Amino acid sequence: MVLLKLSSIYAPINEGLKGVEDEFKLVSESRKKSFPEMAEMLDYILVGGKVLRSALSMLSAMCFGAGIKKVLPLATSSEMLHIATLVHDDAIDKADTRRGRRTVNAVWGLEKAILLGDFLFAHAAETAAETGNMGIVTLFSQTLQIIASGELKQAYASFNPDQSYENYLERISGKTAALFVMATKGGAILADASSSDEEIMRSYGYNLGLSFQIVDDILDFVGNAKDMGKPVGSDLNNGTVTLPALLLMDRYPDNNPIKDMLNATDRIPHVAKAVEMINSSDIIDLSYKEAKRYADLACRNLSQLPKTAARESLYQLAEFIVERKN
């Protein structure tokens, strides 16, 4: 099977994604004279990435005949909200790199990174309000609450070996799936889709978000530092127990390097041993099967939507997410 490139999947929305890029540029351009230091930070962070949330907003709306212009504020807001969470995540984790680049906190310090994240959250809210749709404003507020709760759950679960698969799903629902839902459900809302079609898009976003995060967690063990832009096993080193780690602990409940790592001062050798054990077992295959299961769940009702290029891109995106390498 040949994996499609995102550029091909995004073909129906290339014009719209260029609009999101232009909106991002305006955020920094408008501050170049009045606040050049902030403009420099914004230029640094508002670049690159897969712009998945923007794409999902647009593809969802286009499934029901809405134009790009109508959904552009949502597409911009959802991606900016995502970037804001990354800035705060990196500051909380004191991470030095993301996507192979130095993080905002590594370049400008923790205090400035947190304040920049706050600014991005606020700007994302303002942009969502530009839709003029109270349903989108409410959805944005609900999404931000879910994200914050998910991050708090992750913080409380950090370095805790007593976690279940249900706990893991709760965390990644808040961490990733909520933003996917905001994009897909929001697109349907703006397109005045029926309640049943809106639910199809909500379910698609939720399950696709779970699939995406599971693959992310797999790649933390099997990817290489160059492709991932961060050290292999970095999530585990930060105390975050993901699906491959849970499966390893379930398989070896009394003696495994993850439990040893969670109680150790020097975590590096235990993380390396866990990575080795996971990669030499069938745990990665089992984790991929779970990611594929959620991708299939995401697509299960898409056939009920009008047959359009946007709908085909949603199918292709689910396939891409499971097969991607970074």
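**Briefing: cores, helices and ring contacts**

The charged end of arginine 324 sits over the ring of phenylalanine 212, 3.9 Å from the ring centre. Such a charge counts when NZ of Lys or CZ of Arg is within 6 Å of the ring centre and within 35 degrees of the ring normal. This is a predicted model, where local features need pLDDT of at least 70 and side-chain atom pairs count only at pLDDT 80 or more, while totals for chains, interfaces and linings use all residues. Residues are numbered from 1 along each chain as its sequence is written, and side-chain values use heavy atoms, with hydrogens and water left out.

**Rings and charges**

- Arginine 293 lies over the face of tyrosine 294, at 4.6 Å from the ring centre.
- The structure holds three aromatic pairs. Rings of Phe, Tyr and Trp (its six-membered ring) pair if their centres lie within 6.5 Å; planes under 30 degrees apart count as stacked, over 60 as edge-to-face and the rest as tilted.
- One of the pairs joins tyrosine 44 and tryptophan 108. Their ring centres are 5.3 Å apart and their planes stand at 80 degrees, so the pair is edge-to-face.
- That pair links distant parts of the chain: tyrosine 44 is in helix α3 (residues 36–45) and tryptophan 108 in helix α6 (residues 104–108), 64 residues apart. Helices (H or I, at least four residues) are DSSP runs, numbered from the N terminus.
- Another pair is phenylalanine 180 with phenylalanine 212. The ring centres are 5.6 Å apart and the planes are at 45 degrees, so the pair is tilted.
- Phenylalanine 180 lies in helix α9 (residues 165–190) and phenylalanine 212 in helix α10, so the pair ties together parts 32 residues apart in sequence.
- Both phenylalanine 180 and phenylalanine 212 are buried. Buried means under 20% relative accessible area, exposed over 50%, and partly exposed in between (1.4 Å probe, protein chains only).

**Nonpolar cores**

- In soluble globular proteins, nonpolar side chains tend to be buried together.
- A nonpolar core is a set of buried Ala, Val, Leu, Ile, Met, Phe, Trp, Tyr and Cys residues joined through side-chain atoms within 4.5 Å.
- The largest nonpolar core has 72 residues; Tyr10, Met58, Leu120, Tyr204 and Leu317 touch the most other members.
- Helix α5 (residues 68–93) gives the most to this core, with 11 residues.
- A second, separate core has 30 residues, including Ile218, Leu236, Ile278 and Tyr288.
- Tyrosine 10 is in contact with Leu17, Lys50, Val51, Leu52, Ala55 and Leu317, leaving aside its neighbours within four places in sequence. Contact means heavy atoms within 4.5 Å.

- Helix α2 (residues 14–29) has 16 residues. At 1.5 Å a residue they should span 22 Å, and the end C-alpha atoms are 22 Å apart, which agrees. The expected span is 1.5 Å times one less than the number of residues.
- Buried in α2 are Gly16, Leu17, Gly19, Val20, Phe24, Val27 and Ser28.
- The buried residues of α2 pack against α3, α4 (52–62), α5 and α7 (110–129).
- Asparagine 14 belongs to helix α2. At 43% relative accessibility, asparagine 14 counts as partly exposed.
- Helix α10 (residues 195–222) should span 40 Å with its 28 residues at 1.5 Å each; its end C-alpha atoms are 40 Å apart, which agrees.
- In α10, 20 of the 28 residues are buried, so the helix is largely enclosed by the rest of the structure.
- In helix α13 (residues 243–251), the buried residues are Leu243, Pro244, Ala245, Leu246, Leu248 and Met249.
- The buried residues of α13 pack against α9, α10, α12 (234–237), α14 (257–262), α15 (268–279) and α16 (283–299).

**Cysteines**

- The disulfide count is zero, where a disulfide is a pair of cysteine sulfur atoms within 2.5 Å.
- Cysteine 63 is in no disulfide; the nearest cysteine sulfur, that of cysteine 299, is 11 Å away. That distance is too far for a bond.
- Cysteine 63 is buried, with a relative accessible area of 3%. Cysteine 299 is buried too, at 14%.

- Valine 51 has a positive phi of about 40 degrees although it is not a glycine. Valine 51 lies in the loop between α3 and α4.
- Phenylalanine 159 has a positive phi near 60 degrees and is likewise not a glycine. Phenylalanine 159 sits in the loop between α8 (134–157) and α9.
- Phenylalanine 159 is partly exposed, with a relative accessible area of 28%.

Notes. Helix = DSSP H or I, 4+ residues; strand = E, 2+ residues; numbered from the N terminus.
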